[in-house]
Amino acid sequence: MSRKLLVTALAVALCLALAPLALAKEIKVGGIFDTTGPTSDVGKDYAAGAVAAEKYWNAKKVLGGDMIKLIPNDYAYKIPQAVTLYKKYKDVDRVFVIQGWGTGDTNALRPLVNKDKIVFLSASYDGNLTDPKKNPYNFFIGTSYSTGIRLALTFAKENKAKKVVFIYPDHPYGKNPIPAGKDYAKKLGLQIGPDEIVALNAIDATSQLLNMKKFDPDYAWIGGTTASTAVIIKDAAKLGLRTKFLVNCWGFDENLPRLAGKAADGRAFGMLVVAPFGANVPGMKDIMASAGGKSYSLHYVKAWVSMMVMVEGLKRAQKAGKLNGPGLKAALETIKDFNTGGLTAPITFTATDHRPNTACAIGGVKDGKVYIIKNVTFPRKKEYVGW
Amino acid sequence: MPCGLFFEKYAKDEAIFPTLWLKLWMVALGVALLIFPWFAQILSDLMGINLLNLFNLILIYIVGAHGLNLLTGYTGQISLGHGAFMGVGAYTVGILANLGWPFWLALPAAGLMAAAVGMIFGIPSLRLRGLYLAIATMAAQFILDYAMRNWTALTGGSSGLTVPQAELAGFSFDSDFRFYFLALAFAAGATMYLKNLSRTRTGRAFVAVRDRYLSAEVIGVNLFKYRIMSFGISSFMVGIAGGLWAYYITIISDEHFTMWLSVQYLAMIIVGGMGSVLGSIFGVVFMVTLPEILLIPAEAMTNVFPHIFGIFASLRELLFGLIVIAFLIFEPDGLAARWHTVRAYWKLWPFSY
């Protein structure tokens, strides 16, 4: 009996799985996500958001008869694994657009992406990717890390900071924006202390913080993800440091107060490149509906917007009759002041500047909840394209 | 006419391919492997796997697994540092190729460099055995891992190193299709080398050291020499594998050459069969193919259960552990032994005694 049931269930599952094949044309989208690696604390929600967005746009029949088929896969934050997945997407699935993840792998794949003319939307907001002269096929949707640092340092300066320190993991994600940050800190006349390295999977940051205590900075930048940020902040509270922390966009979310407890209150300030999950903005309604009652972090929203921008590009490319890599690239570059329903600041791409925007919000934590302190904008200057 | 194998000379008994049929089968396999790339695209589309990429990885890992099998399977010296030795090979290629060294010079250099490093870390094997040697080689793994990550000037640190494509006499191995032949040549070469090595005086000395080192020493086998030699040859092969891998992926970063890779190498030869040439091949095929196979149901089912790929991603590691345990319990001699049983069965079918 149970065997029969199993066979039936398998058959049904198979039919369901194969059913969409019979439908209209498919636009395959490669997905490179981290759900098991060192950044899986934020990667899981991102992957979930991308998958949910695919369902949403397909249900809306946004591309006429054409369906979007996202192929999500985990690469455990390993660059070679990302290369293997890339080769599969290119040769077997023949995609012309990929939703990617980390800074290390996105930068490693740059030469291949440019050679193969595949549009690569990354979850890495590395400033390095914003120069179309070098990386014509790289796009992303959030305020770049280096712009984020500049905004954070401006915020620190406004709050009478004199000394700052940079804390980051030894990973391209952590390291790449640091030169831009130091350069700007010097421009603002801030004193820079020695860097501290805290790994993404750290469970203790006491020794680094004790080191930092000697310099006693007013503010410290954290370029990690939520788990390691929580560790740093908890240890700082334990050691009674007066330093406040400015956290990069992947280290500051709804889970931070949950992980860090009271320590985050008034001590952690984060770059919010998208509206927090469940925020009161028009674009959030569809997201909440897609989540089906489950609660996610704001990284879900980031993936949602990344898919939204991709779909907008596909729509425009389809209208132009050029549904391929160069066509999508050109279509994305026509996007101007694109309204994401308040999820992010309006997004603009041009042929000479792939920075989506230069505005974000600075968030704080009060009573275990993330709230927006203020919206900040950095002047969109030419000299900052590409870093 | 004899109804079985009756060898009248030892040389015939020792032949690599003792029967005509076996020779024919080997020729057939060789031809199949040589013409495979032309059908790879069709087969890939059919199966939804990037077959050419899979085969290239298998062929590269075969070179490395042969290396570890020589050390662990034949000489009985365990090593938990082979992941790092592969990294030494890869980084040697990365650094030298960026300095403008040609492929035919950089690759042997990678092997030699790995051999040198392997021999240095193999020195404790004179005094240490078993678990203690495992820990000593693990130290090599951690030291080299740390160097790869933190010696930024040399290795590019966590950002990695870009490697130019392999080029031989003006011919660039710039696609999976072209690289396949290069990898195939090296895998075949390594296989032949190991098979022949095990039949020489040196090979027999290795086996003597493995089976009972005291007796080996009594009958005049220089333990130190052969242990270090085994470490050297073994690391050379795994270094070559690393070099090939660097040329293939074209981007190297430290996160690939961790303890995990060392354990994977060990798992490959355990699953395949220690002390068997066929074993390392089976082991590599099994271990490299398994995660790819697991992707298929995950991708097929994402339409119904959108988040299933995350579950399958974790399942991979779980299954990996289970398989190694299962093999240790049920088939300690590995897939190669199972292969021989199956072959013996079919050879006599349907008239088995």
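Select Tyr77(A) in your viewer: with 24 C-beta neighbours inside 10 Å, Tyr77(A) counts as buried. (A residue is buried if 20 or more other C-beta atoms lie within 10 Å of its own, exposed if 12 or fewer, and partly exposed in between, with C-beta atoms placed from the backbone.) This is a predicted model, in which local features need pLDDT of at least 70 and side-chain atom pairs count only at pLDDT 80 or more, while totals for chains, interfaces and linings use all residues. Residues are numbered from 1 along each chain as its sequence is written, and chains are lettered from A and ligands numbered from 1 in the order in which they are written.

**Two loops of chain A**

Stay with Tyr77(A) for a moment. This residue is in the loop that joins strand 2 to helix 3 (79–91) of chain A; helices (H or I, at least four residues) and strands (E, at least two) are DSSP runs, numbered from the N terminus. Its phi is positive, about 60 degrees, although Tyr77(A) is not a glycine.

Next, select Lys61(A). You will find Lys61(A) in the loop between helix 2 (40–59) and strand 2 (67–74) of chain A. Lys61(A) is not a glycine either, and its phi has a positive value near 50 degrees. Is Lys61(A) buried or exposed? Lys61(A) counts as exposed, having 11 C-beta neighbours inside 10 Å.

**Lys213(A) and what it touches**

Move on to helix 8 (residues 206–215) of chain A, where Lys213(A) has its place. Lys213(A) is partly exposed, with 15 other C-beta atoms within 10 Å. Which residues does Lys213(A) touch, not counting those up to four places away in sequence? Show Leu239(A) and Leu241(A) to see them; a contact here means that the two C-beta atoms, placed from the backbone, lie within 7 Å.

**Helix pairs of chain A**

Two packed helices are described by the angle between their axes and the distance between the axes. Select helix 5 (residues 145–158) and helix 7 (residues 178–187) of chain A, whose axes come within 9 Å and cross at roughly 30 degrees. (Axes are lines fitted to C-alpha atoms, for helices over the stretch in contact, and angles run from 0 to 180 degrees between N-to-C directions.) Helix 5 and helix 7 of chain A are therefore roughly parallel to each other; angles under 35 degrees count as roughly parallel, over 145 as roughly antiparallel, 65 to 115 as roughly perpendicular and the rest as oblique. To see the contact, show Ser146(A), Ile149(A), Arg150(A) and Leu153(A) of helix 5 with Ala180(A), Gly181(A), Tyr184(A) and Ala185(A) of helix 7 of chain A. By class, this contact has 5 nonpolar, 2 polar and 1 charged residues (Ala, Val, Leu, Ile, Met, Phe, Trp, Tyr, Cys and Pro count as nonpolar, Asp, Glu, Lys and Arg as charged, and the others, Gly among them, as polar).

For another pair, select helix 12 (residues 298–319) and helix 13 (residues 325–332) of chain A, with axes that come within 8 Å and cross at roughly 110 degrees. That makes helix 12 of chain A roughly perpendicular to helix 13 of chain A. Here Gly313(A), Leu314(A), Arg316(A) and Ala317(A) of helix 12 meet Gly327(A), Leu328(A), Ala331(A) and Leu332(A) of helix 13 of chain A.

**Over to chain B**

In chain B, select helix 3 (residues 51–74) and helix 11 (residues 223–249), which pack at an angle of about 165 degrees with their axes 7 Å apart. That makes helix 3 of chain B roughly antiparallel to helix 11 of chain B. Residues to show include Gly64(B) and Leu68(B) in helix 3, and Ser234(B) and Met237(B) in helix 11 of chain B. The residues of this contact divide into 15 nonpolar, 7 polar and no charged.

**Where the chains meet**

Now show both chains: 29 residues of chain B are in contact with 30 residues of chain A. Helix 2 (20–47), helix 13 (277–301) and helix 14 (308–330) of chain B each supply at least two residues of the side that touches chain A. That side of chain B has 10 nonpolar, 14 polar and 5 charged residues.

**Last stop: colour by pLDDT**

Colour the model by pLDDT, the predictor's confidence in each residue, from 0 to 100. Chain A has a mean pLDDT of 88, with 94% of its residues at 70 or more. Select residues 19–23 of chain A, where the pLDDT is below 50; this stretch has 3 contacts in the model beyond near neighbours in sequence. Where pLDDT is low, the predicted coordinates should not be read in detail. For chain B the mean pLDDT is 86, and 97% of its residues reach 70 or more. The predictor gives the complex an ipTM of 0.79 and a pTM of 0.84.
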